[in-house]
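Dear colleague,

Please find the structure below, handed over for your records. My notes on what was found in it follow.

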Amino acid sequence: MIRVGNVTIEGDVALSPMAGISDSPYRQISRRFGSAFSYTEFVSTEQLKIGNVKTLDMFRFQEMERPIVFQIFGSDLDTVVHASEIAAERNPDIIDLNMGCSVSKVSHNGSGAGLLKNIRLAGQMIEGIRLRTGLPVTAKIRLGWDSLTLNYLETVKVLEGSGVSAISVHGRTKAMAYTGIADWNAIGEIKSRANVPIYGNGDVQTYQEAIDKKKQYGVDLILIGRKAIGNPWVFGKIAKKNIPWLQIKSVILEHLDSMLDFYPSTDDYALILFRKHFIKYIENLGFPEETKRILLTVTSVNEFKERLESAKLDSKVWEISEMKNENINCETFVSLV
Ligand SMILES: Cc1cc2nc3c(=O)[nH]c(=O)nc-3n(C[C@H](O)[C@H](O)[C@H](O)COP(=O)(O)O)c2cc1C
């Protein structure tokens, strides 16, 4: 159990914030499967400021998702602080400042990982949000802009001085984006010096690995991102590879129905959004290519469900293979929708 300001968080592993993935339907499923708390997708403070309805909608959540953390990003102090007040009206438990997004149009604009180049400003943001909203404020950082400017210890110190309540650390630099491997020694070093809870993040593949890393590096919690897509079982002790297809199928249908409820437009909009989850749910399950192709292109929900029901899996292909993560990043799914 950890305390983040006045909020109690129980559990060892949580769903990492992911644009296009960690919406309310998937947060609900993850929470039910064991994710310790919920993190929204990152939300633009510029858009919040101008009252963009779609942006505000990203803060819709169900009570069962609590503790719920609203993640925001921005580069302008007044805008960020003002937007945090708008966010706070929706009653989150915690507000998180994104200091890790590596995508150029975010980070080169001074927000996301761009804040690693201006940690005083990030500190002012943390303090401003805290004072304006009265909520605990956390931050999600990377190790630095690039390997020549690793400033993680200084960043943590500045954020602590600004009253941050916890820090998530993705063990890569901005320049690495999603390449190479996360540096868990650096994450451990941060933990050993920090005075606030530290969540470790980067490349964790399984629940057991999360538990092992939590112990080895002493962090307070582990965040899992890419390996949690289509795999809420990663938050519990029984790995997906040991779950019968019928159960996987029922979670797929539950997830789709929840998206249909959450995105009330024409049916196929939610189904199209669901494809990025679906492709990961059925990864390595022995789906014949042609069946996969059809399921990923049908636009009628009824047809999708009927075809899924009658799909025949090739049981010989039940195997775990390495997830090819390199090409998935925080822009991947946003650009799909
Ligand atoms: C599709 C995608 C979207 C992401 N969106 C966000 C985001 O909105 N906010 C954030 O802080 N990190 C975001 N990230 C980064 C993840 O939270 C996480 O830090 C990163 O993927 C490393 O963890 P992993 O190796 O477990 O995936 C995103 C990552 C991916 C793959």
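Domain bounds here come from an automatic or database domain assignment. On that basis, the protein chain is divided into domain 1 (2–235) and domain 2 (240–317). Their centres, taken over C-alpha atoms, are separated by 29 Å. Twelve residues from domain 1 and 13 residues from domain 2 take part in the contact (two residues are in contact if their C-beta atoms, placed from the backbone, lie within 7 Å).

This is a predicted model, in which local features need pLDDT of at least 70 and side-chain atom pairs count only at pLDDT 80 or more, while totals for chains, interfaces and linings use all residues. Residues are numbered from 1 along each chain as its sequence is written.

The protein chain has 13 helices and ten strands; these are DSSP runs, numbered from the N terminus, with helices (H or I) of at least four residues and strands (E) of at least two. The C-alpha atoms fill a box of roughly 60 × 45 × 35 Å along the principal axes.

Helix α9 (residues 207–217) may interest you. Its buried residues are Tyr207, Ala210, Lys213 and Tyr217. They lie on the same side of α9 because they cover an arc of only 125° around the axis, the arc being that of the directions from the helix axis to the C-beta atoms. A residue is buried if 20 or more other C-beta atoms lie within 10 Å of its own, exposed if 12 or fewer, and partly exposed in between, with C-beta atoms placed from the backbone. Gln208, Lys215 and Gln216 are exposed on the face turned away from the buried side. The cover over the buried residues includes β3 (13–15), α8 (184–193), β9 (198–201) and β10 (221–224). Gly218, which follows α9, has a positive phi, near 75°.

Yours sincerely
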